[in-house]
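Take a first look at the protein below.

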Amino acid sequence: MPSTSTTRRYAAIHIDVSNRRVPPPTGNDDETNEQPQFTFLFAFHRHYLLRFTGESEMEYPYNECAGITMELPVLVLKDPNTCADYLWSTLPWVHDFLDGTIVKFIVETMSPSLCGFAEYTNFSGFHLQAHVTAFLLEMVTLTPLFECASESALEKLKAESFRTNSGETDQYDDCVICLEDFSGDQFLTKMPCSHVFHQSCIFDWLERSNACPLCRGKLDDD
């Protein structure tokens, strides 16, 4: 299996607290015992891109969303820090999607707005929606299991090439890379381990690995 190294970074975080709606008055205090309500819809959208890099690049986009509607106690809306602590403890599922530092940034950014809206309504109630959009990029670098052959080793190997009609192919039948017979007027190459392949096949192979495909003997510079 190839080894992998993974780097994850957050490309952008967008927070939009909007759609303020103040409930209509519930009547005189003598006529109703209803308490003001502070409802809050938290919608989380994640745009995720997994990118593999190495010999070739592949990308896999993935989008998901989740949300929750909660009622905020009026006491937590008196202070932004208290509100942030409340949101942190109420939204544990967000930690499954984002790093804790990012979640802390989100709740600390939203809390002043929530407290400000509550004060604006004179604590008579509100309904707010917060849309948090996170753009995430995860990069996975694929590292080959074997190192490719060096340019100097390939140059030396070219000296070991010969044609099929040279009379040196009697003991060889076919190329194990392409599984085709040694026939016609073709260039062949003999590895230091004495295994023979089509020149084009083995040089293409050695661009990915410096080991013989048969015995795994390495092609060294020496």
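The briefing below goes from the overall layout to single residues.

This is a predicted model. The protein has four helices and seven strands. Of its 222 residues, 33% are buried.

**Overall layout**

- Start at the N terminus and follow the chain: the elements come in the order β-β-β-α-α-β-α-β-β-β-α.
- Strand β2 covers residues 38–53, and strand β3 covers residues 58–71.
- Helix α2 takes up residues 100–120.
- Strand β4 spans residues 126–143.
- Further along come β5 at 161–163 and β6 at 187–190.
- Strand β7 is found at 196–198, and α4 at 199–206.

**An aromatic pair**

- How many aromatic pairs does the structure hold? It holds two.
- One of them joins Phe38 and Phe126, with ring centres 5.0 Å apart.
- Their planes meet at 80°, so this pair is edge-to-face. The cut-off for that label is an angle over 60 degrees.
- Phe38 sits in strand β2, while Phe126 sits in strand β4. The pair therefore ties together parts that lie 88 residues apart in sequence.
- Buried means under 20% relative accessible area.

**Surface patches**

- Which residues make the nonpolar surface patch? They are Val176, Leu179 and Leu214, and the patch has an area of about 290 Å².
- Leu214 belongs to the segment after α4.
- Leu214 is partly exposed because its relative accessibility is 44%. That value falls between the cut-offs of 20% for buried and 50% for exposed.
- A patch of negative charge also lies on the surface. Asp173, Asp174, Glu180 and Asp181 gather there.
- Asp174 is placed in the loop between β5 and β6.
- With 34% relative accessibility, Asp174 counts as partly exposed.

**Positive phi angles**

- Asn122 has a phi near 60°. This is a positive value in a residue other than glycine.
- Where does Asn122 lie? Look in the loop between α2 and β4.
- Asn122 is exposed, because its relative accessible area is 65%.
- Arg216 has a positive phi too, near 65°, and is likewise a residue other than glycine.
- Arg216 is located in the segment after α4.
- Arg216 is partly exposed, with a relative accessible area of 35%.

**Residues apart in sequence: distances in space**

- Glu71 and His127 are 56 residues apart in sequence. Their C-alpha atoms are 9.1 Å apart in space.
- Glu71 is part of strand β3. Its relative accessibility is 46%, so Glu71 counts as partly exposed.
- Pro80 and Thr109 are 29 residues apart along the chain. Between their C-alpha atoms there are 9.3 Å.
- Thr109 is in helix α2. At 34% relative accessibility, Thr109 is partly exposed.
- Pro192 and Asp220 are separated by 28 residues in sequence. From C-alpha to C-alpha, they are 9.1 Å apart in space.
- Pro192 is found in the loop between β6 and β7.
- Is Pro192 buried or exposed? Pro192 counts as exposed because its relative accessibility is 60%.

Notes. Residues are numbered from 1 along each chain as its sequence is written. This is a predicted model: local features need pLDDT of at least 70, side-chain atom pairs count only at pLDDT 80 or more; totals for chains, interfaces and linings use all residues. Side-chain values use heavy atoms; hydrogens and water are left out. Patches are made of residues with over 30% relative accessible area and no salt bridge: like charges are joined within 9 Å, nonpolar side chains (Val, Leu, Ile, Met, Phe, Trp, Tyr) within 5 Å. Accessible areas come from the Shrake-Rupley method with a 1.4 Å probe; for residues, only the protein chains shown count as cover. A salt bridge is a side-chain nitrogen of Lys or Arg within 4 Å of a carboxyl oxygen of Asp or Glu. Helices (H or I, at least four residues) and strands (E, at least two) are DSSP runs, numbered from the N terminus. Buried means under 20% relative accessible area, exposed over 50%, partly exposed in between (1.4 Å probe, protein chains only). Lys and Arg count as positive and Asp and Glu as negative; His and the chain ends are not counted. The place of a charge is taken as NZ of Lys, CZ of Arg, CG of Asp or CD of Glu. Rings of Phe, Tyr and Trp (its six-membered ring) pair if their centres lie within 6.5 Å; planes under 30 degrees apart count as stacked, over 60 as edge-to-face and the rest as tilted.
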